[in-house]
Amino acid sequence: MTELPDDPFAECGQEPIHVPGTIQPHGILIVFDSNGICHHFSANAEELTGQPPAALAGRPLQEFIPVQQFPMRQAGVDPTMQSPFSVDISGRPLDAWLHQSANWWVVELEPRIGPDDRRLHRRVAAAVTGLRDAPDFPTQHLRTARFVAELTGFDRVMVYEFGPDWHGEVVGEHRNVAVESYLGHHFPASDIPAQARALYARNRLRLIPDVDYEPVPIVPEMPTPIDLSQSVLRSVSPVHLEYLRNMGVGASMSISLIVNGRLWGLVACHHRTPKVVPAGIRAACEAFGEAVSLEIAHRQETRTLRLRATAGRIQTRFFDVLAREHNVVDALVRYTPRLLEFLGAGGTALRLNGTTTLHGATPSPAQVEALFDWLQVQEVNPIFSTDRLAEVYPPAADYGSKASGLLALKLSRVEPHYVLWFRPEVLATVTWAGKLEKPRRSDGRLHPRKSFDAWSERVHGRSQPWTEAEHTGALELLQAINALVLRRTEHLLSENAELERKNIDLHSFAYIAAHDLKEPLRGISHYCAFLREDHAADLNEEAVRKLDTIDGLVRHSEELIEALNHYSRIGRIELSRQPVEMNKIVDQIIETLSITNPDVEFRRSDCLPNVDADRVLMREVFLNLLTNAARYNISSPKRVEIGWTPEHGGTFFVRDNGIGIPAKHYESVFRIFRRLHGNTEFGGGTGAGLAIVKSIIERHGGRIWLESEPGVGSTFFFTLA
Amino acid sequence: MKPPGNSVLVVEDFDPDFELVCRRLRAVAPTLQVSRLHDLDEIARWLDHPEPPPSLVLLDLSLRDGDASRLLADFRRALQKVPLVVWSASPDPDVPRRCLASGADRFIRKVADGNAVAKQLDFLIARWVLAPAD
């Protein structure tokens, strides 16, 4: 974008325009004290009093003005609000304005001109209705300008809106064809400096009937110049008058538009020649300005609400989807495209747990990473937004077409989790009223620019601005995510509690099973024995075989119950961690098993590291794995190898050349009582061994898995945390 | 050497287990008197007047109205020299140690194998009833 001149009218900004010490000549001004004694006069007071100002000081006001006509005598009435009022001095009808400035009273008098139009308020009321019925802002502004033009007769009436940077744009205009149009033109902020804007906010209507007026001093000169902020006759800055003259303006009037306490803009009126505006018309304009302000506030509010409602609908859909997802992070990643729709952006970047997901038109991953680094040191609490990123973060100039606008939402106060929305550059043409250049200085003072010819500028590096509704939407998203995370956490807590309860149930069940279920089994066993003893002579071979089967089943049932009890116990006992020499444990087991399995070659191929674990349980792990490796094996010779590799931070393994396990059973072999073979094949067993092994390893923070090829062999791997 | 005792107190609420005990006692010592208690209430009443003292107490822990292990110490106090044998199906590996610490002389795990239990009972009777050591 074009570089604006550095605060070009900084000196204008310092000019004390509220204490000029002079007034415009179309009226007179008298300063008096609370006792009604006059002290200072505008030098033209003689027109009214017939005596030179020097002769007037110290005399009571009522000598010149019938003060009984003043409205100020009623206690509690603000005389400013009653102004203008009519007074009659020696048969001359005048309009009077009264206000207080510090300890002084100020009365300003102008000859009354024009008829007292009784229909004025009706016209204003009708115009206000017209504003309300306007379908949009442009129409409203046009109607505002047209009504003021009709009411006052100014050649050109403009609705001038201040931007956030206080530069102005003419958003509505009504003009006499003879004058040039400024509609759509922009004016730099320095055209109306800060202290002028402050006066506009205090004094809602200013009139300069003739820009070529001769200022009238207030005499005698006051030791402390009186503050004329509230004055209607106050003399204006010579720079401003020159500015108006350069624009070809002979008379001007402006009406302040204050929306929600902020100077929103002005209704600015220009006339090529000098022009007086009757006090009644000015009062009507002021009242109309109030109505215009209210209507703008109302329309803005409606627009914000409508935007918010639209954003709300999109959000609701998005949140619905989010709420159905189990994992908020996954959901956000998966629905990144919806994030775009959510805020009407061109691209998004989602950074969660150190991983960045990009969607749509975004800067490159490296550029986004650099942007995250930069954001880390910015104030993002929890939102950072700009429609001109490159101005605050120059590297963004490289990718303005994708990210001239940025809205960053920080999802966590501690972790660098973000959602970023990018908006592309909007190439805009701004028409300035006059080329932007440094002001000239000559004969010891500043001069405003001479040309107000339209001067177009291409603006770069800007995106569509982020609206207040969009900020609110982003905050609501954050709240929704937080609420979801909270709900998930609560859900998880309740699931954990449920799991805990189930574990206790399982424990209780296992205990009950171990005792109460075993009791009838014992009874069956006893009665089988009694039958054998008492009826030995009556039992034939077949009967004895059936009794043997009953005994066998009873014993197996009891083993299952014991295994279940043991399994449940592994899950709940306190681990007794200590340094365990795995070599020693494995060698002892090999020694034991070699006795009962002389046909198996057990071999420890590596030196196993010592681990911090529960010794008894480690022994159980290897005993189970080695027993299985030897048992489910029909090779000759049967080989079982025990080893260790540094993979995964240290992995133990038990490899055999056994029957192998089909891939589809890799998971299920670890389930309790899951047996892949008949009860009697491979020496029976309860089917709890691997479930117990898995439970032990998981209790130690490790994991177990297997690789196998049916007919070739299996390898069980496990880690310990 | 003491004369052989003539009674055994069996605390057991499960009939098949009680019957198994009776059968073993009848088989090896037909003259032995067997008295039976079923629950904690009966034990408490009996402990008030533990007469005549039995030659052996066989105590099941899990009774219909609660766990008898807390009465072990009372048994020990009431019957100072009488052998106290706990037999239980409790799966808790810590139970035997606790019972012995509370005064039991022996712990037998009940299993669903009539022959194994019978052998253990035969041994107990031989060891503590028929030929009690000093």
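## Exercises on strands, helices and a chain contact

In this predicted model, A:L29 stands opposite A:E108 in β6(A). Residues are numbered from 1 along each chain as its sequence is written, and chains are lettered from A and ligands numbered from 1 in the order in which they are written. Because the model is predicted, local features need pLDDT of at least 70 and side-chain atom pairs count only at pLDDT 80 or more, whereas totals for chains, interfaces and linings use all residues.

### Exercise: an antiparallel sheet

*Solution.* Begin with the pair to which the opening residues belong: β2 (residues 28-32) and β6 (residues 104-111) of chain A pair in the antiparallel sense over five bridges. Strands here are DSSP runs of E with at least two residues, helices are runs of H or I with at least four, and both are numbered from the N terminus; two strands pair if DSSP finds at least two bridges between them. Next, extend the view to the open sheet of chain A, in which seven strands follow the order β1-β11-β3-β2-β6-β5-β4 with antiparallel pairing.

### Exercise: a parallel sheet

Work out the strand order of the open sheet in chain B, and say whether its pairing is parallel or antiparallel.

*Solution.* The order in chain B is β2-β1-β3-β6-β7, five strands in all, and the pairing is parallel. At the edges stand β2 (33-37) and β7 (106-109) of chain B, and because each has a single partner strand, one side of each lacks a neighbour in the sheet. Between neighbouring strands the average turn is 20 degrees, with direction ignored. To inspect one pair in detail, take β6 (residues 84-88) and β7 of chain B, which pair in the parallel sense over four bridges, and within which B:V85 stands opposite B:R106.

### Exercise: helix packing

Describe how α14 and α15 of chain A pack, and then do likewise for α1 and α5 of chain B.

*Solution.* Two packed helices are described by the angle between their axes and the distance between the axes. The axes are lines fitted to C-alpha atoms, for helices over the stretch in contact, and the angles run from 0 to 180 degrees between N-to-C directions.

For α14 (residues 468-534) and α15 (residues 541-572) of chain A, the angle is about 160 degrees and the axes are 9 Å apart. That makes α14(A) roughly antiparallel to α15(A), given that angles under 35 degrees count as roughly parallel, over 145 as roughly antiparallel, 65 to 115 as roughly perpendicular and the rest as oblique. Their crossing is left-handed, a term used if the near helix is turned anticlockwise from the far one by less than a right angle, with right-handed used if clockwise.

For α1 (residues 15-28) and α5 (residues 114-130) of chain B, the angle is about 50 degrees and the axes are 10 Å apart. The two helices are therefore oblique to each other, and their crossing is right-handed. The contact (C-beta atoms, placed from the backbone, within 7 Å) includes B:L20, B:V21 and B:R24 of α1(B), together with B:V117, B:A118 and B:D122 among the residues of α5(B).

### Exercise: the contact between the chains

How many residues does each chain give to the contact between chain A and chain B?

*Solution.* Chain B gives 17 residues and chain A gives 19. On the side of chain B, the elements that contribute two or more residues are α1 and α5, and the largest share, five residues, comes from α1(B). By class, this side has eight nonpolar, four polar and five charged residues, where Ala, Val, Leu, Ile, Met, Phe, Trp, Tyr, Cys and Pro count as nonpolar, Asp, Glu, Lys and Arg as charged, and the others, Gly among them, as polar. As for confidence, the predictor gives the complex an ipTM of 0.81 and a pTM of 0.53; the mean pLDDT of chain B (the predictor's confidence in each residue, from 0 to 100) is 85, and 93% of its residues reach 70 or more.

### Exercise: backbone details

Where are A:P220 and A:P637 placed in chain A?

*Solution.* A:P220 lies in the loop between β11 (216-219) and α7 (238-246) of chain A, and a cis peptide bond with omega of about -15 degrees joins A:V219 to A:P220. A:P637 lies in the loop between α17 (615-631) and β26 (638-645) of chain A, and the bond joining A:S636 to A:P637 is cis, with omega of about 0 degrees.

Terms used
Contact = placed C-beta atoms within 7 Å.
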